[in-house]
Amino acid sequence: MTASNEYAKVGEFKPLDLLAVAGAREVNDGDVVFAGTGLPMLAIGLAQNENAPTARCVYEGGSIDGRPIDTPTSVGDARCIYQASRAGGLYEAFYGQLHSGYVDLGFLGGAEIDKYGNLNTTYVGTPLNPIMRFTGSGGNADILSFAKRTVLIMVQEKRRFTEELEYVTSPGWRVKKWPSGKYVPKQAVYGKFFKGGPSACITDMAIFRFDENGEMYLDTVHPGFSVEDVKNNVGFDLNVTRCSGETKPPTYRQLEILYNVVDPEGIFLP
Amino acid sequence: MGTPKIITLQEATSMIKDGDCLAFSGFTIWRRPVAMCYEILRQGKKNLHLFEVQGGFHSEVLVGGGAVKLWEGSWMGQEILGKTGVNLSRKQANGEVIVDDLSHGHAVGRLSAGAIGLPFFPTALAMGTDILNPAYDGIANAGLRDGSNPKIPKEKYTTVKDPFYDMGELLLMPAINPNWGLVYAPMVGTEGTVRILAQCYNDQDVIKACDKVIVICEEIVPDEYLRREPTQNLANGYEIDYIVVCPWAAHPTGSQFYYDTDADFLLSFNKSTKTQDGFDKFAEEYIYGVKDHDEYLEKLGVRRLEKLRASQATGYSSRVKRGTR
């Protein structure tokens, strides 16, 4: 790598680059990471090449700690298992790794989020009156329920940051207690199975974290945006009192790794 | 039990009855028994019940073609080549298909219990969500949990308090034992030993959980060859009932070390089948408009297929253009 560790200037990077870089910064060295397709792959790939060289990656299809030489386009891709320590299946990924407690960090996306980090990845409308169906949970609900920390990657839009989700696919810090459906703290439903919950939410505008009560607050605002911009794109009353300033831009080195090492074919970073 | 019988794609498909419950091998856009799903439509099967850990191109085809009455699963789409399952979305919204949602962990647990002959599987995954909302139980809402269908449990799930170590409340998910496992595998031995060359996804569980199993393969090889490395094999011959030889049977999904996913085909399918009219045109061109799988392959052409052929070193093609650079 020849590029420097200086920060790139506004205009020298794209919103997607900053999302990937911010995601990579959430990875601790040594973490076992359960990542989905797309941006999570960029984030973990960058982290493994920079700040977290011994982070291990579990993909849903069953590959564990693969070292792909070509970017996978799916978590079941042939490319995922290159140099993997194991090629198991979904039972291994969801029970042998996740339920058993090995997974430190999950990376997920969603169509909608509420202030407790609950996600909807299934419906516009509800199952009783479905207007449109997204993919559904897949592993989303499982990963958010059992990873010790989870980073949520979202598009910043008012309608996506909503006071109350019509459908909760995946459990955040306050979850539904059945049969009543009343929201209670996650610990009240998970008991001794409780391992953690959402730790950060990264969007194209800002980074959010969750306070002692599991409520989302604004942590940093990306270069080029204001606190007001963020508030205008959140559908609930957002706590901005803990905002710690501006999100650090990508470094030139990080950009070089992303474009030349992690996604040289331009699959996720056109 | 015994040695599986080698039959044709048409013969295998004709054994599936209207209303049967099916499960499939593979994961999203990899190792799906696509040729058989096309043939299911050609033979006009109806009212099928699909149990899927997650769906993909093969089940989008069955749903779009009107063969499916009930879809139980956790996910439907084609990864980045089609972020939602447009056919299931349309058919659920207009009430043509009954849907019941699970999480991956729930679906894997149900299939695993079925595979080992237990009636249920305990899990604490995905609790506190609307997947478990009793009002959203799509199968109960359709009046299908009355005990009359042996492939549908009387309840979606129940909860139990750990009686042994006081871990607290967790879920019991009912086992599933579908009528048919439709499994694509690249290599099957002369005695039915099955080998796959990558992640196993849920293929073993599908084979063991289903009452009858059809394996559709690229080639039959001497069992002696597969038995040189027993650690590499997925399933025993006596667990398989029928074998169908059908090269490129997984296209447009991929098969590691045989061929890559056909990204252009999948992208175009997802874009063009958002409407029923669009699906019908696709089906006329690629399913009903060809007599059999050989004609389908001739239609795709050598040039297209050659490009997808996998490297024997890496297991995937290095000749497909995947990104913008």
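The legends below describe close-up views of a predicted model.

**View 1. The predicted model and its confidence scores.** The model scores ipTM 0.97 and pTM 0.97. For chain B, the mean pLDDT is 97. In that chain, 100% of the residues reach 70 or more.

**View 2. Chain A meets chain B.** The contact involves 60 residues of chain A and 59 residues of chain B. On the chain A side, the elements giving two or more residues are α3 (90-99), β9 (129-133), α4 (140-146), β11 (174-177) and α5 (186-190) of chain A. By class, this side of chain A holds 27 nonpolar, 24 polar and 9 charged residues.

**View 3. Helix α2 of chain B against helix α3 of chain B.** Helix α2(B) spans residues 34-42, and α3(B) spans residues 57-64. The two pack at an angle of about 5 degrees, with axes 9 Å apart. An angle under 35 degrees counts as roughly parallel, so α2(B) is roughly parallel to α3(B). From α2(B), the contact takes B:Val34, B:Cys37, B:Tyr38, B:Ile40 and B:Leu41. From α3(B) come B:Phe57, B:His58, B:Val61 and B:Leu62. The contact has 8 nonpolar residues, 1 polar residue and no charged residues.

**View 4. Helix α2 of chain B against helix α10 of chain B.** Here the partner of α2(B) is α10(B), residues 276-288. The packing angle is about 110 degrees, and the axes lie 10 Å apart. Angles of 65 to 115 degrees count as roughly perpendicular, and α2(B) and α10(B) are therefore roughly perpendicular to each other. B:Tyr38, B:Leu41 and B:Arg42 of α2(B) make the contact with B:Ala283, B:Ile287 and B:Tyr288 of α10(B). These residues divide into 5 nonpolar, no polar and 1 charged. B:Tyr38 and B:Leu41 also belong to the contact of α2(B) with α3(B).

**View 5. An open sheet of 3 strands in chain B.** The strand order is β6-β8-β7, and the pairing is antiparallel. The edge strands are β6 (120-123) and β7 (158-161) of chain B, each pairing on one side only. From one strand to the next, the twist averages 35 degrees. Helix α5 of chain B, residues 104-115, packs on the sheet and touches β6 and β8 of chain B. The direction of α5(B) makes about 145 degrees with that of β6(B).

**View 6. Strand β7 of chain B beside strand β8 of chain B.** β8(B) covers residues 169-174. The two strands pair in the antiparallel sense over 4 bridges. B:Lys161 has B:Glu169 of β8(B) as its bridge partner.

Methods. Residues numbered from 1 in each chain as written. Chains lettered and ligands numbered in written order. Predicted model: local features only at pLDDT ≥ 70, side-chain atom pairs only at ≥ 80, totals over all residues. Axes fitted to C-alpha atoms, helices over the stretch in contact; angles between N-to-C directions. Parallel < 35°, antiparallel > 145°, perpendicular 65-115°, else oblique. Contact = placed C-beta atoms within 7 Å. Nonpolar A, V, L, I, M, F, W, Y, C, P; charged D, E, K, R; others polar. pLDDT = per-residue confidence, 0-100. Pairing = 2+ DSSP bridges.
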